[in-house]
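Let's take a walk through this protein together. Have a look at the sequence and the fold first, and then we'll go piece by piece.

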Amino acid sequence: MVSSNDVQCLFLQAVLSRRVMTREVALKLWEKCIDAVKAANDALDIEFNGDRNSWDNFVTQINEALNPLNMDFAQMSDEITGKEMCALVNRKGDEVAQLATEYSALEIAYFKAVLHQIMTAPNEAFCITSMAALRETNNLNITKSQAEVVLSSFVAKGWLVKSRRGRYSLAMRTMIELLPYLRSTYPNNIIECTICMEVVTRGVSCYTNNCHTHLHAHCFEKYRKRSQNCPTCQANWSTEANSKKLERIGEAAYKEGQDVRRRRPLQDRPESDEEDEEAEAGASQPSQPSQPSQPSRSQAKKKRAVREDSMDIDEDEPEPEPPKAQKRKSRR
Ligand SMILES: [Zn+2]
Ligand SMILES: [Zn+2]
């Protein structure tokens, strides 16, 4: 006999096949599941009510059912669109096991290497150029053309985003499905939004020294409508000059050439002096005159010095593309 529990079962089946969806779609699915169950047994007294409370209660029930499977029906806002998203997430372990059904061990190792470069990108840029992504093949037994194919697949399957400028960053699916892995692997690189407490890889941060306010672009837009002061240090962001000083997080913070020098790879590289030499070589290069349109990064630099590996913070000024020889030198 059909019972109200079947709403949950139907809903879970639908979620299993879609995995990631907007909250809007999830609500629609829930409504359809109720309709289907009621059609099978019209004696059942269940009504669809799409308000926030009923939805949250339903999600709690869903998660109780998923708990023994180490799965979660997780909710998170998409950083790019600001839309609320839902996804079925494997909470077990801190590995990127979610990729195992679609990719070979080598491709997963490559994904992790690219992920590492994105998570540890200097200046809170959380992105890397395709050249830097392809450079990761040098540590792995994978050709550049194989890497190009698998990179497009990571983009197509929603693990990475490729920007118009050809830079790779984390896509929604990675943010939500691999969150336990990101948190356990990069506890010092992860930034949380001051408003919604979710992870930020695109947004703004306060310019005040030692103020740790970071906001998603969409949280920032909403917050600005009710306040013009930093929620932590109360700095007044309302003047044009001050709002320009807000630091960017994400691709807008990327500086040309910042990932030309290699950072420490994910594994298997012992502490080496080579990197320090490179960092010094980089620092001693003649720096470009700073552009007046760019806000001073000196405060940010101080702030970041705490967070970044020391070798990652010598790039204060935009640099021209270095000659090829130098790039090669930065390889093993
Ligand atoms: Zn937020
Ligand atoms: Zn502040």
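Does E177 count as buried or exposed? With 26 C-beta neighbours inside 10 Å, E177 counts as buried; a residue is buried if 20 or more other C-beta atoms lie within 10 Å of its own, exposed if 12 or fewer, and partly exposed in between, with C-beta atoms placed from the backbone.

Before going on, a word on what you're looking at: this is a predicted model, where local features need pLDDT of at least 70, side-chain atom pairs count only at pLDDT 80 or more, and totals for chains, interfaces and linings use all residues. Residues are numbered from 1 along each chain as its sequence is written, while chains are lettered from A and ligands numbered from 1 in the order in which they are written.

Back to E177, which sits in helix α7 (residues 172–177). Helices (H or I, at least four residues) and strands (E, at least two) are DSSP runs, numbered from the N terminus. Leaving aside neighbours within four places in sequence, E177 is in contact with A87, V89 and Q98, where contact means C-beta atoms, placed from the backbone, within 7 Å. R19 is 158 residues away from E177 along the chain, yet their C-alpha atoms are separated by 9.5 Å.

Now zoom out. The protein chain has 332 residues, of which 31% are buried, and it holds 13 helices and nine strands.

Five of its seven residues are buried, so β3 is largely enclosed by the rest of the structure. Two strands pair if DSSP finds at least two bridges between them. Strand β1 (residues 20–22) runs antiparallel to β3 and is joined to it by three bridges, with V20 opposite A87. β2 is also antiparallel to β3, through seven bridges, and here S77 stands opposite E84. β2 and β3 form a hairpin with six residues between them, and G82 in the turn has a positive phi of about 80°.

Elsewhere there's an open sheet of three strands in the order β4-β6-β5, with antiparallel pairing. β4 (127–129) and β5 (160–162) are at the edges with a single partner strand each, so one side of each has no neighbour in the sheet. Between β5 and strand β6 (residues 167–170) there are three bridges, and V161 has S169 as its bridge partner in β6.

Across β4 and β6 lies α4, running at about 90° to β6; angles run from 0 to 180 degrees between N-to-C directions, and axes are lines fitted to C-alpha atoms, for helices over the stretch in contact. The largest nonpolar core has 59 residues, and V114, I118 and C127 touch the most other members. Such a core is a set of buried Ala, Val, Leu, Ile, Met, Phe, Trp, Tyr and Cys residues joined through C-beta atoms within 7 Å. Helix α4 (residues 105–119) supplies the largest share of this core, six residues. Not counting residues up to four places away in sequence, I118 touches F126, C127, I128, Y168, S169 and L170.

Last, look at two helices. Helix α1 (residues 5–18) packs against helix α3 (residues 52–66) at an angle of about 75°, with their axes 11 Å apart. The contact brings together Q8, F11 and L12 of α1 and Q61, I62 and A65 of α3.

Note on methods: Two residues are in contact if their C-beta atoms, placed from the backbone, lie within 7 Å.
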